[in-house]
Amino acid sequence: ATHDRGISAKNGATFYSRDAGRNRAAAEARAAAATTGGKSATTLEKTPCGIWLESLNLYDKTSPLTRDEADEVWATASTQYAREASGNCRCMVVNATADRVFRKFEMDALIGNPAITHLNSVPTPALEAVAAINPDAAFQVIEQADVALRQADKALASSATAGALTAATASVSAAGSGSGGGGGGGKPTARMMDLHVCPMITGVV
């Protein structure tokens with residue numbers, strides 16, 4: 001589904017700034033996870049326009065464009081994408097530099113878009129006030145919020161894994177107590193053995 005302002009759903013537009021590919025990977029993983037959860041989320045590269053631009057390999061050594069010229073092409077598309085976004089937009093910008101497209105073009109378009117309420121859960125009016133005085137400081141706020149959100153996501157994932165492991169352990173204990181005549185001395189049941197190869201447990205225990 002698409003939002004009426006553009007091709008990204010409300011709260012679904014996801015942005016990143018290059019840092020050897022890590023932020024892009026994080027942005028695409030976030031978008032994929034949000035989509036799987038029933039919320040339509042996407043990066044520019046997954047839109048029809050982005051797919052076409054990617055196919056041109058504008059940053060490749062064989063490209064007729066310089067890096068700055070390639071930036072301008074992508075900036076035109078990404079700025080429009082930012083203008084059509086709405087709600088709370090996720091921006092993966094940890095360790096990004098000020099000379100990249102996000103800082104030079106997308107950030108201003110996002111902050112200036114009245115349909116966007118937050119960037120990385122930071123209210124846009126607050127970011128706009130900071131940017132009016134010091135744009136670099138506004139970028140730092142967005143970056144710090146990105147760090148905080150990633151830490152929160154990691155903690156949530158760890159908590160979910162711990163909960164699943166506790167439940168699995170309880171199942172193993174219950175299965176063990178019910179086999180071999182009332183004690184743990186019986187032969188492991190098929191259910192107990194299956195739990196040991198469960199992908200959720202592998203690498204955790």
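Modeller: Searching the whole structure for disulfides (pairs of cysteine sulfur atoms within 2.5 Å) gives zero. The model is predicted, so local features are taken at pLDDT of at least 70 and side-chain atom pairs at pLDDT 80 or more, while totals for chains, interfaces and linings use all residues. Residues are numbered from 1 along each chain as its sequence is written, and side-chain values use heavy atoms, with hydrogens and water left out.

A disulfide is a covalent bond between the sulfur atoms of two cysteines. For C91, the closest cysteine sulfur belongs to C89, and at 6.3 Å that is too far for a bond. C91 has 0% relative accessibility and therefore counts as buried; buried stands for under 20% relative accessible area, exposed for over 50%, and partly exposed for the range in between, with a 1.4 Å probe and protein chains only. C49 is partly exposed, at 37% relative accessibility.

Next comes strand β3, residues 87–92. Strands are DSSP runs of E with at least two residues, helices are runs of H or I with at least four, and both are numbered from the N terminus. Because five of its six residues are buried, β3 is largely enclosed by the rest of the structure.

The sheet around it is open and has five strands, in the order β2-β1-β3-β4-β5, with mixed pairing. Two strands count as paired if DSSP finds at least two bridges between them. The edges are β2 (42–43) and β5, each of which pairs on one side only. On one side, β3 pairs with β1 (residues 13–16) in the parallel sense over three bridges, and T14 is opposite R90. β3 is also joined to β4 (residues 116–119) by three bridges, and these two strands run parallel. Across that pairing, G87 faces I116, and N88 has H118 as its bridge partner. Between β3 and β4 the chain passes through helix α4 (residues 101–111), a right-handed β-α-β crossover. Right-handed here means that, with the strands pointing away from the viewer, the path from the first strand over the helix to the second runs clockwise.

Helix α4 also takes part in a cavity lining: β1, α3 (67–84) and α4 each give at least two residues to the lining of the largest cavity. A cavity is a set of points, on a 1 Å grid over the protein atoms alone, where a 1.4 Å probe fits but cannot get out, and lining residues have an atom within 4 Å of a point. Grid points are joined across faces, edges and corners, and the volume is the space filled by probe spheres set on them. One cavity of 30 Å³ or more is found, and the largest cavity holds about 220 Å³. Its lining has 16 residues, of which Y16, R18, E45, V101 and E106 are the closest to the centre. By class, eight lining residues are nonpolar, four polar and four charged. Nonpolar covers Ala, Val, Leu, Ile, Met, Phe, Trp, Tyr, Cys and Pro; charged covers Asp, Glu, Lys and Arg; the others, Gly among them, are polar.

N11 is partly exposed at 37% relative accessible area, and S121 is partly exposed at 41%.

Definitions and conventions. On a 1 Å grid over the protein atoms alone, a cavity is a set of points where a 1.4 Å probe fits but cannot get out, and a pocket is an open set with protein on both sides within 12 Å along at least five of seven lines; lining residues have an atom within 4 Å of a point.
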